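Visitor: Could you walk me through this model, starting with the whole and then a couple of residues?

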Amino acid sequence: MPPYKTGLLKRKLSDESKEIEDNNSKSDEDVGLIRGELDAENDSTDSEHDDDDNAASDTERDEILFHDNADSLLSDEANESLAESSDLTDSEGDDESEDAESSDDEDGDSNSDEDKPEKVKETKPTTKAESEDSGAESGTGPTLSGSSDGSKKKKERKVIKKKEFKQKPTKTKAVQKSNDSIDALANKIKETNVTIQPVQEKDEYESGDTSDEEERVNTAGAVPSWWYDEYEHVGYDVEGRRIARPPRRDRIDEFLRKCEDPEFWRTVRDPGTGQDIILSKQDLELIARIREGRVPNPEHDEYQPWVEWFSREVLATPLRAFPEHKRSFLPSREEQRHVSRIVHALKMGWMKTRKQIAEERKKNKEHKFYDLWGSSAGVGEGEGTRGVQRHVPAPRRAPPGHAESYNPPPEYLLDAKEMKEWNKLQQTPWKRKYTFLPQRHGALREVAAYERFTRERFLRCLDLYLAPRAIKMRLTISPEDLVPKLPSPRDLQPFPTTEVLKFTGHTDLVRSIDFDPSGQYVVSGSDDGTVKIWETSSGRCLRTLALGCAVSRVAWTPAAGLSLLAAAAGTRLLLLNPGAGVGAHRVAQRTDDLLADPPPARDVVMDERTAACVQWEAADAAQWARGVRVVVTHFKPLLHLSWHARGDYLAATVEDGGARGVLVHQLSRRRSQLPFRRAPGRLQCAVFHPHRPLLFVATQRVVRVYDLVKQELVRKLLAGAQWISSLALHPAGDNLLVASYDRKCMWFDLELSSKPYQTLRLHGGAVRAVAFHPRYPLFASAGDDRYIVVSHGMVYNDLLQNPLLVPLKQLRAPEPRGELCVLDVRFHPAQPWLLAAAADHSLRLYA
């Protein structure tokens, strides 16, 4: 066995532990530095050897270094020969190794890698192999982190190869010359001012975030891993080099590793590179938090207090330390002017859009044909007089008549009287009948030339030239077009059309009338001081109740289970029972039993202010016999009465009562209330809402709506009339009809506005009464003129559709007495019948 191989083996064993500890030594850095320096410049060591006379030593050294195969040093035969070597050979090898170690120490602990440039210079194949090894060793090549065992073995193998190459020379002279060349090369390196930071191998999973590093290591992309099952690599790095596949382990290896490796429980396999990655403590905590459904970042407080940076509250100071610039919230004036110029140009036709330009180009490509013999009258639009928009032709003169003929008929010639008048108007010729004097000639050739022909033609030309002419758009609207399109009255039947019955028996004005809830009976109150009960179908008077003074208002209770009506006679409000002869005797008896028993004393208690205005009294025997059941005395005369829909409350309006002008009486408890503390105005009437707790109070010019539960003013309706006479509520409660003494009827839509939806002027005199039909879409109005107007008023459930108001019929009213004609109107509860209280002491029924 050659002695240098024995020394190489000892050197390998001595340097193995040293190379394992110093993985990131300066030898890798120096190799890269020296190689770069020698590639750029000529090799100084070669020149030194060329100058020496003993050039054969270099050749001999080169042969010793490179003629033998480096791989054979680690073969089996070499190992066997090394085992059979003698002690003498080992000592020689030790001496040579000591010389090599001393040369390494002189080179500044560079791990004997300064000889590498000479090898690179002298032999090209060896340079390529060593460059690959040096690149992998220095960290410039692809690094497969995560597997420390594989990287250590590779580095040990490379270091061993380098040491073996350095120990090939056997002669002392060759070693000395190599040492001299190494010293010269070390001095050359010291002279260079190249400062390169060492390349440090870092663990790519040291930072904790492995997603970016994985993408940098394996650039194969999101492809299936089984694509690389048949290959020895698992992907490619950034520079396009293959990434070697790590050794595969079977289940036995995995089990053994699980038993031996204490870090096995937190080791995972990287699917991109196939390497084992040990999860850190932070990774384990992150996985545990994710599995528990918590926020991955432990420093994040998910229950921190919410800060409303932008809210509806106006802050005292802005969020920013400086105010916004004005241009940040105002549009640019220059852009506005530019856009306005473009819009104006488009309107005037100076600028055209792309679509218009394309249409013009398409139109210009078409062939045009001209009518050579056509007149100017047939020129199309836009092809008229050049430069004149919408040319207006001059009006033509009227053709001459018979008076202008050279031989006019005798009737057109002026006689002596007309000639005298002609001469009289010589100073004012524009007042004459003709602008010329008609004359008779025997033939046309005898007609003399017109002396003013030239002047008139000149004036005519001046008129055409100077007088401006413009086209005036005249609207030809017929009177029928101004009338709104309303449905035909025939389509809106039924409604009353004629008088069918007349009720007579009163001796004075009939002020008020009303139907009972069933519509079978009618009650009327007159100035003769009586209240009469009539039968609707026959007009027969069933009972007369004498009250002793003029009756201003009567109203039948809407409660069908009671036989009770209210009558206003002066300052007294009388609750009457018509008796057993009117209606069912059981209902009359039940009403008497109800009113005979007074309520408890605690329910009758009223405050002093109300007690001073009204006083409840029980009827005596004489009044009970006449039908009077309860008497309520007021401090002033009554004007109007109105029942609540349930029949327990009654609103009474007092004349000139001020703040105490409206009183609300409760029949079941026999007590009264004053809803107002201040006078709302000159009161006319008060009406309850049919469904809601609202009270409509009509004053002289406005209608106020009060909420009885909240005790506040809800709305104020402006009628626009001088004096309101009466009002009526629609059965649905959303519409209101107001009558006034200035001949107007105002329809209010309570959901629409506080002003009238429509004002109807259907009467020639004061309107004193209005009424709605409980079932049909009808309403009627009557007053001092001789007509009762029946109209159609349809209210739709759709709030987006306005009511439909159509006047249907003018019924002939009775003869007026003085200035009064009809004082009150009422509709039948079930039939389309209308009852009117006339000033001629009668009642009229229309059907």
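Guide: What follows covers the overall makeup and then two positions in turn. This is a predicted model, in which local features need pLDDT of at least 70 and side-chain atom pairs count only at pLDDT 80 or more, while totals for chains, interfaces and linings use all residues. Residues are numbered from 1 along each chain as its sequence is written, and side-chain values use heavy atoms, with hydrogens and water left out.

Visitor: How many helices and strands are in the protein?

Guide: The protein has 21 helices and 33 strands, taken as DSSP runs numbered from the N terminus, with helices (H or I) of at least four residues and strands (E) of at least two.

Visitor: And what share of the residues count as buried?

Guide: Of 847 residues, 36% count as buried, where buried means under 20% relative accessible area with a 1.4 Å probe, protein chains only.

Visitor: Switching to Gln684, where is it found?

Guide: Gln684 is in the loop between strand S18 (671-673) and strand S19 (685-688), and it is buried, at a relative accessible area of 14%.

Visitor: Which residues is Gln684 in contact with?

Guide: Setting aside neighbours within four places in sequence, the contacts of Gln684 (heavy atoms within 4.5 Å) include Leu639, His640, Thr653 and Trp723.

Visitor: What about Thr591, buried or exposed?

Guide: Thr591 is buried, with a relative accessible area of 1%, and its place is in helix H19 (residues 585-596). Not counting residues up to four places away in sequence, Thr591 touches Leu562, Ser563, Leu564 and Asn577.

Notes. Buried means under 20% relative accessible area, exposed over 50%, partly exposed in between (1.4 Å probe, protein chains only).
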